Structure formats: C-alpha cells, structure tokens
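Hello,

Please find below the structure I said I would pass on. My notes on it follow.

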Amino acid sequence: MIEIIPAIDIIDGHCVRLTKGDFATVKEYGSDPLEPVRRFEEAGFRRLHVVDLDGAKKGGIVNTGILERICRETSLTVDFGGGVRSSEDIEKIFGCGASMITLGSVAVKDPGFFLQCLKQYGPGRIILGADVRDYNIAVDGWMGSTSQNIFDFLDFYLSEGVRKVICTDINLDGTLKGPSLNLYSEILGRYPGIELTASGGLGSAGDLKALNDAGVRSVIAGRAFYEGKIPVSPYPLETLSKRIIACLDVMDGRVVKGVNFTGLRDAGDPVELAAKYSDEGADELVFLDITATHEKRKTLSKLVRKVAGKINIPFTVGGGIAEPDDVNTMLTNGADKVSVNSAAVRNPGIIDIMTRRFGSQCIVLAVDARHEKKGWKVYLNGGRVRTDIDLFFWIKEAVDRGAGEILFTSMDHDGTRKGFATEALAHIAGIVGVPVIASGGAGEPSHFRDAFITGKAGAALAAGIFHYGETSIPEIKKYLNDNGLAVRL
C-alpha cells in the first residue's frame with residue numbers, strides 16, 4: 001500500500017509551493033502553516049513532510065519555531081528538511097519534536113557528516129534526499145547543480161546502510177503533470193526493495209495508482225492537495241497493493257515455529273531465512289524474539305544488525321520492547337519499525353511517548369488474543385498470561401494513542417494452517433484508520449485472499465508455510481494477482 005505524505009513548504013513563515021524549484025514562482029497557500037496541517041490531521045493522515053525553504057536557500061535552518069508548533073499541537077509524525085548542516089541543527093530539529101530528518105545537500109557536500117548522522121540516529125530516522133534534475137543531483141534548495149549522477153549517488157549511500165530515500169524530480173515538481181515514472185522504475189530496478197518516496201509532479205489519483213503499481217512505497221503530495229487534484233485522504237485508492245510479510249519467531253538465536261503458541265520446533269537460521277525471503281519478494285519482514293518478555297531479556301541487537309545487513313525490505317522488530325531506549329536501539333541497529341505488545345498493555349502511556357519521539361510510522365502494536373464466550377481477550381508474554389482486556393477496545397485505544405499499524409495474531413488460528421480470523425480482522429479494520437496485518441493461520445494462497453477481501457487487511461503474515469516449504473511467496477503473489485488483487489510482483 002503506497003503511503004501518501006502531505007507536504008508543507010515554508011517561506012517567511014507561510015505555507016507555499018514552488019514550480020520546478022524556482023523561487024520566483026512562489027505561490028502561497030496560507031499565512032499560517034498550522035491551518036493546512038490541522039486539516040491533514042483531521043483527514044486521517046499520520047505523517048507530514050516539512051521543508052524549510054528559507055533554510056535550504058540560506059544554508060542553515062530557519063523555521064524551527066513552526067516545526068515546534070506542528071509537533072506540539074498535532075499528533076503527526078514529522079520529517080523535516082532544508083538547510084540542515086550541523087550536529088547542532090540535528091539536535092535542535094529532533095528537540096523540536098521531528099521524528100525524521102531529510103538530508104540532501106549536506107550528503108553531497110559533506111558525506112562524512114551524513115554518515116556520522118546515519119550511524120548515530122539509525123537508518124530509520126535519517127532520510128537521504130536525492131533531488132534530481134536531468135538525472136544529476138542538485139543542491140542548495142535546487143539552485144545549485146552538480147555533475148553527480150543519481151545512480152552513483154545512490155550506489156554509495158545504499159552501500160553505507162541508507163534505507164529511506166526521497167527522490168524529487170525537480171523538472172516536474174509543482175507542475176501537476178505526473179511523476180517521473182521512468183526515473184523511479186529505473187531506481188527500483190537497480191535497487192529492489194528500496195524504501196523509495198517519490199516527490200514531484202503528482203497531479204491525479206491515476207498518478208497514485210501508477211506509482212503504487214511501479215512499487216513506490218510512498219509519495220509526497222503538495223500542490224495536488226492544495227488545488228484539489230486528489231482527495232485529501234490518506235488512502236484514496238481501493239486497488240493499492242497488498243503486502244505479504246514473512247515472520248521469523250526467534251528463540252535463543254534460532255527461528256522456531258509451533259501451533260497455538262506451543263510445541264515449538266526449529267526452523268533454521270534467522271539471517272539465512274531473512275535473506276531468502278527478501279530475495280523471494282517478501283514485501284516486509286517481521287522479527288519477533290518470542291521469549292524476550294517472558295525471560296526478561298532484551299531483543300538481540302547484534303542479530304538485528306546482521307539481519308538488516310542482509311535484506312533490502314522494511315524490517316520490524318519486536319519482543320521485549322518496553323521503553324523508548326529499546327526502540328532507539330532497534331532503529332539504530334537497522335530496524336525500520338518496532339512492535340510493542342505486553343509492555344504497552346501494562347503501561348498504555350508508553351505508546352504516546354514512543355510515537356511522539358519516533359513517529360507513528362515506527363510503532364506497530366502487536367496483539368495476541370483468543371476468542372472466548374465473552375469475546376476476544378488479550379494475552380501477554382508470548383501468549384502465556386491471559387488478561388480480561390477486550391481485543392477491540394485495546395486496539396482502538398492504542399491507535400488513538402498513536403500506534404501506526406496493528407499486527408493481530410489469533411492464537412486460536414496460529415500454526416493450524418486453517419486460515420486467518422477474518423471476522424475479527426474485518427472488525428478491526430472497521431474501527432481503526434491504520435493498516436492492519438493478519439497473523440495466525442496461513443496455510444494456502446486462498447487464505448491470503450480471504451484475509452484481504454473478507455478480513456479487509458492491508459497485509460498478511462506467515463511463518464511456518466514458508467519455513468517448511470509448503471508454499472512460497474512468489475506462488476502466493478501469483479495466485480493473488482490471478483485473482484484480481486494488486487500485489488508487487
């Protein structure tokens with residue numbers, strides 16, 4: 001599913017847009033940037049792209065006051081760029097409440113500083129800004145040009161651990177003439193699985209579908225929103241790609257799998273399996289240290305780093321995540337998202353703290369539950385501890401607190417190969433406005449179809465059927481595509 005990210009560009013404290021990066025073409029869309037930001041939040045968006053055009057032009061951040069207001073007065077996850085040149089700038093931006101920072105010009109002019117930031121804050125929080133004019137990188141608010149080719153630029157930084165890239169085709173930016181599909185297709189062809197955000201030229205819902213079909217993971221929308229070319233909605237397309245997620249349940253450094261959370265047996269080496277599923281076309285990977293909470297252990301950061309180094313797809317880590325420092329450790333070691341489960345049930349306020357510091361897009365609420373006479377009940381500690389908490393009540397509260405995605409596992413269905421809990425999934429999808437991942441019960445390709453059509457899930461996760469060769473990710477995707485469901489082939 002392509003994510004649509006509204007953009008706020010700021011000059012002299014006003015919300016503006018440029019055409020092709022030309023400062024002589026400034027068009028104002030509001031004297032107070034908080035007004036459109038609040039409209040985006042009310043419409044259901046959870047992320048915002050903020051560009052300090054004054055800072056980009058002057059070579060030093062300017063509009064941090066507005067950034068601080070946005071972060072303080074809304075619940076949006078903010079990534080900020082424009083004029084960032086020093087460690088002091090980085091600290092100030094994160095101190096204002098931004099969750100991510102986009103670095104463009106400085107990546108060209110000072111690679112050492114960029115790599116220092118990447119190492120210190122992790123690939124989940126530092127985004128590489130690739131501003132392109134005729135396939136060459138531009139700098140200084142697009143006023144300066146270089147002879148550095150986009151692919152040489154990406155070759156270097158992706159080899160250094162960059163995971164997130166915002167690529168803007170300057171020749172199309174603000175024109176509403178459509179995005180640079182050829183450019184993005186070339187990038188995705190060379191770097192399969194890159195977390196690519198497209199920017200520039202978006203002008204219609206048809207453009208969104210074309211980008212989604214090309215495999216672009218997210219797109220920045222500015223003028224298209226302000227001038228009514230696309231609806232102000234986070235997911236205006238019904239034909240967005242469904243995601244197939246491979247799951248690695250890890251115990252003592254080995255992948256294991258059981259039935260109904262019991263009878264665990266060895267399934268292989270997590271690093272080898274992660275690389276295999278990434279190569280086979282999995283859209284994402286989930287790594288769960290399933291005994292971390294029970295045994296009072298922290299998720300193994302060294303293993304996370306090894307896995308992250310072998311894959312080129314989004315990577316979620318869970319198990320024993322209990323405080324913000326745990327999230328930071330996982331993101332720094334290569335995870336893109338973390339899942340929080342038992343700790344959040346015991347202290348729901350931790351979701352607010354984590355999403356405020358790292359952004360909703362980084363925080364996945366994992367929920368394990370069983371169906372009883374009185375409804376679905378939440379379980380803790382890898383399914384070992386029953387609570388009297390209603391599943392749907394808890395999920396709604398967690399999303400209201402900022403959780404950006406739901407990973408729901410039916411303990412009754414887990415490992416049975418009899419299909420997902422589609423009725424519960426559909427109910428969850430109906431009460432929250434964030435993506436829902438189906439987990440527990442996958443046995444054959446038709447079960448994934450049911451999870452998407454009947455269960456209204458945005459993604460479906462499986463483990464055992466992949467580990468033991470009962471089916472493969474390409475087989476499932478072919479089946480779904482043949483049955484009219486959009487998937488990335």
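Among contacts in the chain between residues at least 6 apart in sequence, what share joins residues at least 24 apart? The share is 68%. Please keep in mind while reading that this is a predicted model.

Confidence

The mean pLDDT of the chain is 90, and 94% of the residues score at least 70. Among the elements, strand S15, residues 262–268, has the lowest mean pLDDT, at 66. Helix H18, residues 445–453, has the highest, at 97.

The chain as a whole

The secondary structure consists of 20 helices and 24 strands. The radius of gyration is 22 Å, close to the 23 Å that the globule rule gives for 489 residues, so the chain is as compact as a globular protein of that length. Taken along the principal axes, the box filled by the C-alpha atoms is roughly 65 × 40 × 40 Å.

Of the 489 residues, 61% count as buried. The chain exposes about 18,200 Å², and carbon and sulfur atoms supply 48% of that area. As for charge, the chain has 57 positive and 63 negative charges, and their mean positions are 3 Å apart.

Ile90 is found in helix H4, which covers residues 87–96. Is Ile90 buried or exposed? Ile90 counts as buried because its relative accessibility is 1%, under the 20% cut-off. Leaving aside neighbours within four places in sequence, Ile90 is in contact with Val84, Ile101, Leu103, Phe113, Cys117 and Tyr121. Ile90 and Ile5 are 85 residues apart along the chain, and their C-alpha atoms are separated by 22 Å.

Ile350 lies in helix H15, residues 349–358. With a relative accessibility of 6%, Ile350 counts as buried. Which residues is Ile350 in contact with, leaving aside its neighbours within four places in sequence? They are Ala322, Glu323, Pro324, Ala343 and Ala344. The C-alpha atoms of Ile350 and Val340, 10 residues apart along the chain, are 9.4 Å from each other.

His447 has its place in helix H18, the element with the highest mean pLDDT. His447 is buried, at a relative accessible area of 10%. Not counting residues up to four places away in sequence, His447 touches Arg417, Lys418, Gly419, Phe420, Gly441 and Ala442.

Most residues other than glycine have a negative phi. Two residues are listed here against that background.

Asp134 is not a glycine, yet has a positive phi of about 55 degrees. Where does Asp134 lie? Asp134 is in the loop between strand S7 (126–133) and strand S8 (136–139). Its relative accessible area is 59%, over the 50% cut-off, so Asp134 is exposed.

Lys456, also a residue other than glycine, has a positive phi, near 60 degrees. Lys456 is found in the loop between H18 and strand S24 (459–462). Lys456 counts as exposed, with 53% relative accessibility.

His447 is buried, whereas Lys456 is exposed.

Regards

How values were computed. Residues are numbered from 1 along each chain as its sequence is written. This is a predicted model: local features need pLDDT of at least 70, side-chain atom pairs count only at pLDDT 80 or more; totals for chains, interfaces and linings use all residues. Side-chain values use heavy atoms; hydrogens and water are left out. Helices (H or I, at least four residues) and strands (E, at least two) are DSSP runs, numbered from the N terminus. The radius of gyration is taken over C-alpha atoms; the globule rule is 2.2 Å times the number of residues to the power 0.38. Buried means under 20% relative accessible area, exposed over 50%, partly exposed in between (1.4 Å probe, protein chains only). Contact means heavy atoms within 4.5 Å. Accessible areas come from the Shrake-Rupley method with a 1.4 Å probe; for residues, only the protein chains shown count as cover. Lys and Arg count as positive and Asp and Glu as negative; His and the chain ends are not counted. The place of a charge is taken as NZ of Lys, CZ of Arg, CG of Asp or CD of Glu. pLDDT is the predictor's confidence in each residue, from 0 to 100.
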